[in-house]
Amino acid sequence: MAATPAERRLAASIAAHESWAHTPDRSARTANARKAAMDRFEREVDPNGELTPQERAQRAEHARKAYFSRLALKSAQARRRAKEATAVAEAAEAELQAAGGDAA
């Protein structure tokens, strides 16, 4: 019998937790990924390799901060829209109940 998507997600989550539970140096384990991410920002700010290493690093750090700030802004906007949609739905439900409708 094939596992359901929910069972596969749960199994993957268990495997990830087991793996991290047995990782002695978390920082070393993720070092390559962090370096790859920073390399991406460095290529973004200096595609032709013309800047000094120090200037490239400074600009890449700003590009990284801008990227994560943009993500935070989008997240805040999505949370606000979800809150507004919930408020509209609750108001509509209250209006139906006040009018004698069966919204349950």
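**Helix H3 and its contacts**

Biologist: Against which helix do the buried residues of H3 pack?
Modeller: The model is predicted. In it, H3 covers residues 53-98, and its buried residues are Arg56, Ala60 and Ala63. The helix that these buried residues of H3 pack against is H2 (26-45).

Biologist: How far does H3 reach from its first C-alpha to its last?
Modeller: H3 has 46 residues, for which a span of 68 Å is expected at 1.5 Å a residue. The span in the model is close to that value, at 67 Å.

Biologist: Which residue with a positive phi follows H3?
Modeller: H3 itself covers residues 53-98. The residue in question follows the helix and has a phi near 90 degrees; it is Gly100.

Biologist: Is Arg56 buried or exposed?
Modeller: Arg56 lies in helix H3. Its relative accessible area is 18%. The cut-off for burial is under 20%, so Arg56 counts as buried.

Biologist: Which side chain is joined to that of Arg56 by a polar contact of 2.8 Å?
Modeller: Neighbours within four places in sequence aside, Arg56 is in contact with Glu42, Val45, Asp46, Gly49 and Leu51. From that list, the side chain in the 2.8 Å polar contact with Arg56 is that of Asp46.

Biologist: How many residues apart are Arg59 and Glu55 in helix H3?
Modeller: Arg59 is partly exposed because its relative accessibility is 38%, and Glu55 is partly exposed at 28%. An α-helix has 3.6 residues a turn, so residues three or four places apart point the same way. Arg59 and Glu55 are about one turn of the helix apart, a separation in residues of four.

Biologist: How far apart are the closest N and O atoms of Glu84 and Arg80?
Modeller: Both residues lie in helix H3, four residues apart. Glu84 is partly exposed at 42%, and Arg80 is partly exposed at 43%. Their salt bridge has its closest N and O atoms at a distance of 3.5 Å.

Biologist: How many degrees lie between the planes of Tyr67 and Phe68?
Modeller: A search of the whole structure finds two aromatic pairs. Tyr67 and Phe68 form an edge-to-face pair, 5.0 Å centre to centre. Edge-to-face requires an angle over 60 degrees, and the angle here is 85 degrees.

Biologist: Which residue has its charged end over the ring of Tyr67?
Modeller: A charge over a ring occurs elsewhere too: Arg29 lies over the face of Trp20, at 3.8 Å from the ring centre. At Tyr67, the charged end is 5.1 Å from the ring centre and belongs to Arg40.

How values were computed: Residues numbered from 1 in each chain as written. Predicted model: local features only at pLDDT ≥ 70, side-chain atom pairs only at ≥ 80, totals over all residues. Heavy atoms only, no water. Phe/Tyr/Trp six-rings, centres within 6.5 Å; stacked < 30°, edge-to-face > 60°. Lys NZ or Arg CZ within 6 Å of the ring centre and 35° of its normal. Helix = DSSP H or I, 4+ residues; strand = E, 2+ residues; numbered from the N terminus. Buried < 20%, exposed > 50% of the residue type's maximum accessible area, 1.4 Å probe, protein only. Polar contact = N/O pair within 3.5 Å; in protein donor to acceptor, adjacent residues only side chain to side chain. Contact = heavy atoms within 4.5 Å. Expected span 1.5 Å × (residues − 1). Salt bridge = Lys/Arg side-chain N within 4 Å of Asp/Glu carboxyl O.
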